[in-house]
Each structure stands twice: as structure tokens, then as C-alpha cells.
Amino acid sequence: LEERVYLEALVQNEKLSEKSYVTHLKRMFRSAFTLTDQDAFHVPMRMIGSYVTSVFSLAFTVRLMSKFFYSVKDRVREADVKVIDAIVYSLQQLQVRFLLATGYDIDIYGVQSVQRNIDRLHDYLVDLSNAIEVSFLVGAVIGISLVTFVWIILVLDFRAQVLLARRGEWQFNVAKVKPYAAMTYVATQASNAIITFAVFSFAATLVTLIFAWSLTWDVIVWVLKTYWKQILTIAATTLTPIVLKMVLKMWFGNPYIKQRHFYMAYDLFEVFIRIVAGIVTALVRFLLATGVNVISLTRIDRSPFPAWLEMYLLLDAGSKSYQGLIKLHHQTNHPVLRVFVWLVAEDAASRRDYQSAVTNGLVNHKQRAISNRWRKTLFLLKNPKIRSYSARSSSVLIRYEGAIDSKLATECETLRRSQMNKSLKEAAKKGLSLEEAIEKGKQAADKLETQYMKRKTKMSEGRAEKQEETKLSSIEIDSATKGKSKQADFV
């Protein structure tokens, strides 16, 4: 039992290792550098073609997004110039009107304060335009890196699922998935790459823009300095129940509840607290589900829909096309099937080449076809029960129907089969066609059957004559016996 448990643990660890992406990545690198593939696996051209298509699609998407963000940057620069000019012009007009109205200039300290604010606004707008450019570059790099990373994960997952499928372990409902669903894989992969890049690069650009703009940090510093007491109060109110719950969970016992009375009291407290906070919990649950679904869009090998729904309905077209590609690759690129096709193709090529056929002792494809027909004929002759499954069984062997006696019919059929077999072998040695051999076999079988029937008829006639003679002799004996009895009676 100990050895069995140990072996089962080894098998389970090996299965987990085969499902690991790290293991498959190491094996792919090893096969690439050593030029040996022990798993007999290759990435299908459909996946490579989909990645190339995705690269071209991403190039056009990046070009369009770069035009958009750089146009926004130019608009910010233009707005900076116009706003600064308008403010400076307004300040000059204000100074002129104040001078005409009062005869005095505006206080120099006020003018300098306004001028500092104008310079500060100019710096913020210039920094915003620079932040737009930097944030777009960061978002584009993150988006392209994410698409590349997801494609590598997709290849590793495809390799793992194909190798598991060879052992009969499918990770999806194989009865529902059809191989022709792989027709939409290239288009689905390209569109999924575009959506993944657009969503995540745009989100990364916005986040980077917020933190790359100097105004954001100035506002954060001002808020912390002004409202630090309120922020600490909100943080303490939010974190205290979380920390208290973690401590109480450790005190109650894990994984079994030990302090039952304290647990019941805290459970009652949580009931009233959660009733009040139920709306916030539902809102957080909705936001988490939405965020997880958006993140799951990057994985075409995983459906964003619930597993219990996807198992029966297959609503996600992306995961369905990916699963169809796995099934198609398994059916058409299995190592046993490929080696068999290679051997058959090599043998067929050798037969078509006269020199190779003579060297290897092979025949050409026409002779092979004739030989196959002969082999089929002999096989049907030796296995009469399989004749009913053959389309040409009626022309290969003629059943005997003229005998009345069942025993005689069985003997005649056996005799005809053996004679037909013998005739077909002799015709095969002479190089006759199948139709000629069957015809000669029929004639020989009919001739042998006629001789057999004549011999049987003679034997039956001889038996009949012998029975008649025996009957006559018995009648004579009976008459003689009766005559002697009568003579004895008379005496």
C-alpha cells in the first residue's frame, strides 16, 4: 500500500508538471536548440499565421492611436499659446484701463503674482503635452508586450492540451466542439489582439498620463497637507474591521472553529453590519466581475463566461475556435497517424520507381491493386461468414442450391470452395485476371461437382439395387419357409 501511494503521488506530480507552462517552455527551448522533439509536437501554421496577421493589425492600430494622441498633444500646445496670449493681453488691457481710470499703475506685487501664475499655467500645459507623448509610448509598449505575452501563453497552453488529448484527457466538452470551428481562429485571434491592445494600452496611457503630469502630484500634496486628518479617519474606519476580522479568524481557529460562543456573537454582529453595507458590497461585486471579464478578454483560450454556462452553450466564439483548433490538430497531426502516412507514402513512391521496386522486391501500384483483390478473394473464401459484408461476394463464390439433401449440399459446397480456392491460386500463379480466374474456378468446380454427383448417384443406385436384391431374397426365403410350413402341416 505504501508503494502504491508513493507511485500514485509520482504520477500525480508528473501530471501537474505536464500541465505547467514552465515545463512546456523548457521543452520547447530544448527541442529548438538540440533539434530533437521527444513529444512529436509542432506549432500549427494556423497559429503562426494568426500571430503574423495580429502583428500587421497592431501596426495599423498603433499608427491610428499615435495620430490621435499626437494630435491631442498638438492641440494642447496650441491651447497653451492661445490661453497665455489671451491672459497676457487681458492683463495689459487691465493695466491700461486702470491707468486711465485712476491715473496710477497697478501694484507691482499683484502684477508679479499674476505673472507667476501665468508662468505656472504655461508649465502645466507644456508638461501635459509632454506627458501625453510619454504616456502613449508607455501604453503602446505595455499593450504590445501584453499581446506577445498572451500569445506565448496561448502556445504553451495549446501544447499542453494537445499532449493531454493524446492520452484522452480533454479540458473541454469535446462532444460539443466541432473541428470546423477552427476556420474562424485566425480572424478571431487577430481581432482579439486588436481589442486587447486597444483596451489595455488606452488604460495604461490614461493611468500613466495622470501620474506623469506634475499637476497631479501638486494636487496630491495639497490634499494630504490640507485634509490629512479626514484621510486618516476614513482609512482607520475602513481598515479597522478588516484587521479585526483577520485577527478574530485566527483566534476562532483555522480550519475548525474552537471558540464557538465568541464566533456566534461576532457572526450576529456581522449580520447587522453587512445589511447596512450590502449595497456597497453589491457594487464592489459588480465592479470586480466587470474588471475580471475585461482582463479575461486577453485570453482566447479561456471563455469569459461562467464555466457551467459555457460547458453546454459555447457562447464564446473565441474559445470555441481555439478548442476546435485543438481537436483538428489532434485528429490530423497525431504522431501515429503521421508516421503511418509517411510509411505508406514512402512505400507508394518506391513502388512507382522501377529501380527502387526491383531493388526492394516490390511491385508497382497496378500489380499491388491486383494482388490486393486476390488477397481479398482468398480471404473471403477462407472466411465464409464475412462474405455477407462484401459487395462482390455473389460474384466470388456461388452457393450450391440444387442439392435436396442438406448433407449432400454441405459436402458439395465444401468441395466447390476447396476447388475454387485451388483454381484461384493456380490462376494467380499464371498471371490471369480476376474475372478469368473466377470463370475457370467455376468451370473446374462445376466439373468436379458433376463427377461427385455422378459418383454419389452410382453409389445410391448400387445401394438401391442391393436393397432390392436383399428384399427379393428375403421374399424368396419367406415363400420357401411358408411352403415348408404348409408341407409340414399337410404331412
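Helices are DSSP runs of H or I with at least four residues, and they are numbered from the N terminus. The model described here is predicted, so local features need pLDDT of at least 70 and side-chain atom pairs count only at pLDDT 80 or more, while totals for chains, interfaces and linings use all residues. Residues are numbered from 1 along each chain as its sequence is written, and side-chain values use heavy atoms, with hydrogens and water left out.

A search of the whole structure found two cavities of 30 Å³ or more. A cavity is a set of points on a 1 Å grid over the protein atoms alone where a 1.4 Å probe fits but cannot get out; lining residues have an atom within 4 Å of a point. Points are joined across faces, edges and corners, and the volume is the space filled by probe spheres set on them. The largest cavity has a volume of about 60 Å³. Its lining consists of Val147, Val150, Trp151, Gln189, Asn192, Ala193, Thr196, Thr298 and Ile300. H5 gives the most, with four.

The expected span is 1.5 Å times one less than the number of residues. Buried residues (under 20% relative accessible area with a 1.4 Å probe, protein chains only; exposed is over 50% and partly exposed is in between) in H5 include Tyr185, Gln189, Asn192, Ala193, Thr196 and Phe197. The cover over the buried residues of H5 includes helix H3 (45-102), H4 and H11.

Helix H11 has 16 residues, which should span 22 Å at 1.5 Å a residue; its end C-alpha atoms are 22 Å apart, in agreement. Among its buried residues are Gly318, Tyr322, Leu325, Ile326 and His330. Their cover includes H3, H4, H5 and helix H10 (307-313).

The largest nonpolar core has 16 residues. Such a core is a set of buried Ala, Val, Leu, Ile, Met, Phe, Trp, Tyr and Cys residues joined through side-chain atoms within 4.5 Å. Met47, Leu154, Phe158, Tyr185, Tyr322, Leu325 and Ile326 touch the most other members. Helix H4 (108-165) and helix H11 (317-332) give two or more residues each to this core. The largest share, five residues, comes from H4. Apart from this core lies another, of 13 residues, among them Met65, Ala131, Ala140 and Phe197. Leu154 is in contact (heavy atoms within 4.5 Å) with Met47, Tyr185, Gln189, Ile300, Asp301 and Tyr322, leaving aside neighbours within four places in sequence.

Tyr124 also lies in H4. This residue is buried, with a relative accessible area of 14%. Tyr124 and Trp213 are 89 residues apart in sequence, but 7.8 Å apart in space, C-alpha to C-alpha. Not counting residues up to four places away in sequence, Tyr124 touches Trp213, Ser214, Leu215 and Asp218.

Rings of Phe, Tyr and Trp (its six-membered ring) pair if their centres lie within 6.5 Å; planes under 30 degrees apart count as stacked, over 60 as edge-to-face and the rest as tilted. By this rule, the count comes to 11 aromatic pairs. The rings of Phe211 and Trp217 have centres 5.9 Å apart and planes at 55 degrees, so this pair is tilted. Phe211 is partly exposed, at 47% relative accessible area. Trp217 is partly exposed too, at 43%. One aromatic cluster is formed by Phe68, Phe69, Tyr70, Phe136 and Phe202.

Methods. 1 Å grid on protein atoms, 1.4 Å probe; cavity = no way out; pocket = protein on both sides within 12 Å on 5 of 7 lines; lining within 4 Å.
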